[in-house]
Amino acid sequence: MTAMEAIEQLHARLSARFPDAAPTVVLNPGPAAQHSLLVPATQARAIAEFLRDDPELQLDTCSNVTGIDWPEREVTETVRRTVTEPPAADAPPGTAPAAKVVEEKVRRVVPGHLEVVYHLYSVARGHGPVILRLRTGDRGEKVALPSLTPVWRACEFQEREVFDLFGVVFTGHPDLRRLLMWDEFRNHPMRKDYVEPDDYEWEPTPHDRILAQARRHYPVPPTGSGEPAPR
Amino acid sequence: MNPAAPPSRAGASVRAVQDPFHGDLLEVSMGPHHPSTHGVFRMIATLDGERIVRLKPVFGYLHRNHEKLGESTSYLASMPYTDRLDYLNSMTNNWAYALAVEKLAGQAVPERAEHVRILLAELTRLLNHTCLAGFLLQDTGCSGTPLMYAFREREAILDLFEALSGSRMMCNFQRFGGCRVDPSPAWMEAVSALVGRYDRFLDEYEELITGNEILLARTQGVGVLPAALAINAGITGPMLRASGVNHDLRRVDGYGLYPRFPFRIPLGDHGDTYDRYMVRMLEMRESLGILRAVLRDLPGGPIIDPKAKLRGFRPKPGEAYGRIEGPKGEIGFYLVSDGGPNPYRYRVRPPSLINLTVLEDLCLGHTVADAVIILGSIDIVLGEVDR
Amino acid sequence: MLGTGLLHGLKVTARNLVGSFHDPARMVTTQYPEERTRLPENYRNFPFLLGDDPADPLGTLRCVACQICEKECPPQCIYIVMERDEKGKAQKRPKVFDIDLSVCMSCQICVEVCPFDAIKMDQEFEIATADRFTGLLRHKEDLARSNAYYHQLHPTEAAAVDAALAEQKARQAAAKAAKAPAPAAAPLATPAVPPTPLPPAAPAP
C-alpha cells in the first residue's frame, strides 16, 4: 500500500468516526511522501485516544513532538476573473454582454500560526508513522492546544519543550513549565521573530551577523587591515 | 544582569518541607555539579527519611540551541554539529541525520557505503555499551576498576575512528549519499583484529563483575519499569528491551542493509537495572556477530553516490522524519525544507530526554544511592538531552 | 558459597595487575610528554594553507580567495579579504586570511569544499597560549606551509592531490595544444567592425 493510499484510508476511517471534526490530509510534496493529517484542536484528544485504542491501528507510542513556527507572510497571487461588461449604449438591442478574462495580482496576508506535529508509531504492530498536525489560532492570544500527554506519556517533556521554545499552551498537561530555559525566562526562543539579547562577546574575526553586532559595541577597523580591533 | 545567569535557586540545595502526614521532608538537589549525573543534570529529590517521595529532573544546563542553529546553517554544515549531540556516539548521530536528509531529498546510497555505515554503527554500539558498563559500575562504587578496563578497550575503537575519520569522537563522517572517506584494507584488518579480541574482553569483564554479589544486590529489583508504561512513555532502545518489549528499529524499520545480517535481540524479564545492564552486555555480543558478517561481505564500489552534491545542496520543499536505532534508543531527525539551502525547521528527537520521562516513576520508593544507579542505567548523555 | 562472584572478580583484577608489568595489552599508559603516541595519517586538527614553493610558501599560496571555505565553515571562523590592486581589480590572492582557532571545530569542511586544494588539515595540537583574545588567531603568515610539509603529514593524501593536480595540468596543456593557431598559410580573417550604435531617438516634446 503506498503512502498515499494509507493516508486516504486513515482519513476515511477518521472522518467516518468523527464526522463533525474530520481531519484534513496535508500532502507532503517531497520525495519522502510522509503525508500528515491536520486535526482540529477541539477533537484532538478524542482522535488521539481512538488512534491509540483502535485494535487495527494500535498506535501506542508517540515518537516525536515538534513545534513549528509559521509567521505571518504576504502572498501575491495572480487571480483570474471573468468580467462581464454590459453592452455599449449604442450597440443594437439583443447583443450578449461581452465576457473578458481579467488577470490581477491580489496581495493577501496569510495569518501566522504555530503548529505542533506528532509522529505516532505502533510498537505492537510495527507500523507507522502516522503524523498528526495541530495548529493554533494565531501566534499571539489564541495559542492553546489540548495536550496529548494523558494519551501518550511520551509527550510530557516534548510538549513542555514546545511550550518553552514556541509558546504553545497545552491545556491538560500535568506539569506545564519551561524545560530547557530557566523558569523566569521571558519570550520564546525558537520563534522566527525572536531577538536575542545583546550579549556580545568580542571576536577577532567578525563577519556577517556577528559583524553587525560588533559595530554596535566598538568601531570596527576598515576591511583589509587584518588587525584585530581594539578591545 | 546577564540573562544567561542560572537562577538564584541553585544555591539553596537542602531545605526541609513540612508535610502534615509524614512530618519533615528533605529536599535535596542532586546536581548539576555532581560526578554521577552523567553531565550537567539536576534532580530535585524530596526524601522521606531515606526514601524518595518525589523526584523532579531539571534540564537545560547544556542547552546550546542546536535546533535554532540548524535553521541558520546549511545542511552540510549541520553535520559536525550532530557529532556534538550525543558526543559518545557521533557515527550514529551522523547516520541518523544523513538518513533523514536522504529521505527528504530522495538521495540514494551505494552498497559499500551502507555496509561501512553498519560497521561503524555497530562499533559505536560497542563503544557506547562499554562506556555505560564502566560508568554504571563506577556509580555503584567500584572505584574505577571496571571503568578503566572498559575505557582501555574503548581506546582501541577510538583509535580506529581516528585512523579513519581523523578524529576520535567528533567524526563528521557521513555525507548525504554515502560516507566521507573510503576505509583502506589496512583499516579493515585492524577492525577484524579488534573484533577477534573483543569477545575475550567481554568474557573477562563478565567474569570480573557480572556474578558479583554486591552488584546483584544493588541492581536486581531496583528501578523496575513495566512494559506498558515503557511503550506509552516512548521509551526506546535497550531500556525498552530490558522491560521485555521486542522492538528494535534495526528489525522493525529495516533501514540500511540490516535485514541482510541476522542477529538476535536480547530481552529482559524484569525491567530492572540489572536487566538493563545485561541487555547491553548481550547486545554487544550480537554486535560482534554483525561486525563479523559485514567484514566478510563488504563489497567494492563507490563510497559516496557520484551524483551527490556537496555544495549548493537544496532539497525540494517537503518534510521527512528519519530515525535509526542508536545505542541509546531511537534517534530521529525531523526536517522541514522550504527549498532553500538551510532547513526551515530542524528537530532532533533525543532518546536520552524521552527515556528520562519515567525517571520519577522508577526512583519512587528507592534511596538516593539507587537513584544514582537508575540514572546510570537509563544511559543519558546531556548533550542529547539538552541539545 | 556466598562470595564466589567477588572472588572471581578479584582474580581478574589480580591478573590485570600482574599483567600490567609484562603484557603490552595491559600496559596502556603512554608517559606523555616524554613518550608520544604516533598520530595516524588521517588525524586532523586545525587547518593550514598550502604553498607550492618550499622556500616561500607564503608567496606561492594556492588560495585564490574565492571565499568558498569562509561561506561553508559552520562556526564561521575564517575571515578572508581578497587582494586588490590600485585600480580595485581583484588579484587572485588573499590579502587577509585569518582563522580563529578558538572558534574552529576542526570539522574539515573547508578542506572538502576547496576547489583548489589550497587548505588542508594540520596536526598541531600543542598550541596553548596565555592570551585569551588573540592568542589563537592565526594569520596568513602563521598558516602558510609548503607542500613538502603536507607530504610529511599526510603522505597518501598528498600523493593523491599531487597526482590529481598533475593530471589537471596535463589536460589543460593538451587542450591548449589542440586550440593552437593553424599554420601561417591561411590568411587571418579581419574581424568585422561592429556598426556604431545610433544615438537614441530624441524624445517627443
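## Helix packing and a chain interface

The axes of H6(B) and helix H1 (residues 4–19) of chain C come within 6 Å and cross at roughly 130°, where axes are lines fitted to C-alpha atoms, for helices over the stretch in contact, and angles run from 0 to 180 degrees between N-to-C directions. H6(B) and H1(C) are therefore oblique to each other; angles under 35 degrees count as roughly parallel, over 145 as roughly antiparallel, 65 to 115 as roughly perpendicular and the rest as oblique. This is a predicted model, in which local features need pLDDT of at least 70 and side-chain atom pairs count only at pLDDT 80 or more, while totals for chains, interfaces and linings use all residues. Residues are numbered from 1 along each chain as its sequence is written, and chains are lettered from A and ligands numbered from 1 in the order in which they are written.

Helices (H or I, at least four residues) and strands (E, at least two) are DSSP runs, numbered from the N terminus. Glu204(B), Glu207(B), Leu208(B) and Ile209(B) of H6(B) meet His8(C), Gly9(C) and Val12(C) of H1(C).

Within chain B, helix H5 (residues 145–165) and helix H6 (residues 185–209) are roughly antiparallel, therefore, with these values for the two pairs:

| Helix pair | Axes come within | Crossing angle |
|---|---|---|
| H5(B) and H6(B) | 11 Å | roughly 170° |
| H6(B) and H1(C) | 6 Å | roughly 130° |

Elsewhere, 32 residues of chain A are in contact (C-beta atoms, placed from the backbone, within 7 Å) with 41 residues of chain B. The largest share of the side of chain A that touches chain B, 6 residues, comes from S3(A).

Conventions. Two residues are in contact if their C-beta atoms, placed from the backbone, lie within 7 Å.
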